[in-house]
Amino acid sequence: MYLEHFQLTDLPFRLSPDPHFLYLSHIHSRAKAYMESTIWFADGFVVITGEIGSGKTTLIESFLRELESDVVVAQINQTQISPIEFLQTMLVQFGFSPYKMRKVEILATINQFLIEQYSQGRKVLLVVDEAQNLGNKVLEEIRLLSGIETTREKVLHIILAGQPELSTKIDSPELVQLRQRVRLRFHLTALSEQDTAEYVRHRLRVAGAGEREIFEPETFPVIYKYTGGIPRLVNTLCDTALLVAFAQDRQTVSKEVLDAAISELQWVEFVARTFTQLPGSIEDTSPQEQPTVGRLVLSVKGAVVTECLLVPGRCVIGRTPDNDLQVENKYVSRHHAQVITTVDGSVIEDLNSTNGIFVGGKRVRRHRLQEGDVVSLGLHRIAYFRKDRPTAETVALDQADVEAEGEENVEVDEDRDG
């Protein structure tokens, strides 16, 4: 990688939501203040929305790290679940084992726990990320939970964060009672052009660049033009630009280098893009058709789960729904790995995951994928193909081998970002 070349100590534009890299623009500072208000107000219930890649999750992680020790937190990121599963997940976060409880027992346990924490001077905070995926029945359960109170105040503080569809859902006639419970709502917009430049400089400083200007001044208007100030897109473009500069043995990223990175990603200007979502992808797509370079086929115990089309750009793999390819397994990190694709092929990189990635039984940090390569992530496997659509038989894996390999040297990763 380019760390040594640019004299950096860390990857400045990784996609995992690392609070150390958080850049607090004016708009992000306001959103964070709204989150903090949930602790101050007796009836704290805040909804934060923002476009994909706008920095919601990073903001949440930074906010949670700064909470006082008297705040008990339940953080839920997997939101495509039923009402009973949601309540069970919440109790698990509080240290209970609720899987054999009936719903009435679960609700009684939650109620008793909240009252006990209040009596001991503690605040209880429920944070739900990717909340736009919650069904109306789950949102109704959250509304009912928000009503638990003492004679003086509510005992559960709530933050719902999600994409703009969350606001649309809350505004629906079916959820009018929930809408009335919400104290504050805030939409996290993209960075301005000036903030985009400062965002890039800030992340480079944190990564060890100090005051060195690795990106030349004329690159910043171009970065904004092609990313629209969306942090995730800025990260993708800047990381690709650093790779191009490294390959060309350049010490800085010039406009020429940046243009080469844009060409490699096959991006058009931000205003010309559409934001329709393809199955298995959370990235915006150009109205121009991008060439298919290959595909990833996810399987577990020999059964194909899903597949992901690869076009030039970045595909992030991990446990949470904000990934391009979601692998729902406790041995997989929140953002576990990424596949960087060009017209010449694809490279998979570990994103500092707990259990790593394995190719051919060997743990790798970075690996150029070859036709038919099988990457192991815990109990799951991802097969890589360059051209034709593979059949289920092509990627079927021996169940005994999967279990034997997957159960070795793995640990549950519930909290790490990478």
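Here are some notes on a predicted model, point by point.

1. Ground rules. Because this is a prediction, local features need pLDDT of at least 70 and side-chain atom pairs count only at pLDDT 80 or more, while totals for chains, interfaces and linings use all residues. Numbering starts from 1 along each chain as its sequence is written, and side-chain values use heavy atoms, with hydrogens and water left out.

2. Have a look at α9 (residues 193-209) and α10 (residues 219-227): they pack at an angle of about 110°, with axes 9 Å apart. That makes the two roughly perpendicular. On the cut-offs, 65 to 115 degrees is roughly perpendicular, under 35 roughly parallel, over 145 roughly antiparallel, and the rest oblique. The axes are lines fitted to C-alpha atoms, for helices over the stretch in contact, and angles run from 0 to 180 degrees between N-to-C directions. Helices here are DSSP runs (H or I, at least four residues), as are strands (E, at least two), numbered from the N terminus.

3. What meets at that crossing. From α9 come E193, T196, A197, V200 and R201, and they meet F220, P221, I223 and Y224 of α10; contact means heavy atoms within 4.5 Å. By class, there are six nonpolar, one polar and two charged residues. Nonpolar covers Ala, Val, Leu, Ile, Met, Phe, Trp, Tyr, Cys and Pro; charged covers Asp, Glu, Lys and Arg; the others, Gly among them, are polar.

4. E130 is not a glycine, yet has a positive phi of about 55°. E130 lies in the loop between β3 (123-128) and α6 (136-146), and is buried at 8% relative accessible area. Buried means under 20%, exposed over 50%, partly exposed in between (1.4 Å probe, protein chains only). Q266, also not a glycine, has a positive phi of about 60°. Q266 sits in the loop between α12 (255-265) and β6 (294-300) and counts as partly exposed at 28%.

5. A buried glutamate. E141 lies in helix α6 and has a relative accessible area of 9%, so E141 is buried. Leaving out residues up to four places away in sequence, E141 touches P83, L87, K103 and L107.

6. Aromatic pairs. Searching the whole structure gives six of them. Rings of Phe, Tyr and Trp (its six-membered ring) pair if their centres lie within 6.5 Å; planes under 30 degrees apart are stacked, over 60 edge-to-face, the rest tilted. Y23 and Y199 are edge-to-face, because their centres are 6.3 Å apart and their planes at 80°. Y23 is in the loop between α1 (3-6) and α2 (26-40) and Y199 in helix α9, so the pair ties together parts 176 residues apart in sequence. Both Y23 and Y199 are buried.

7. Y34 and F186 are tilted, at 5.0 Å centre to centre and 55° between the planes. With Y34 in helix α2 and F186 in strand β5 (residues 184-188), this pair links parts 152 residues apart. Y34 is partly exposed at 22%, whereas F186 is buried at 7%. Elsewhere, F94, F96 and F113 form one aromatic cluster.

8. Cysteines. How many disulfides are there? The count is zero, taking a disulfide as a pair of cysteine sulfur atoms within 2.5 Å. For C315, the nearest cysteine sulfur is that of C308, 3.9 Å away. C315 is buried at 5% relative accessibility, and C238 is buried at 0%.
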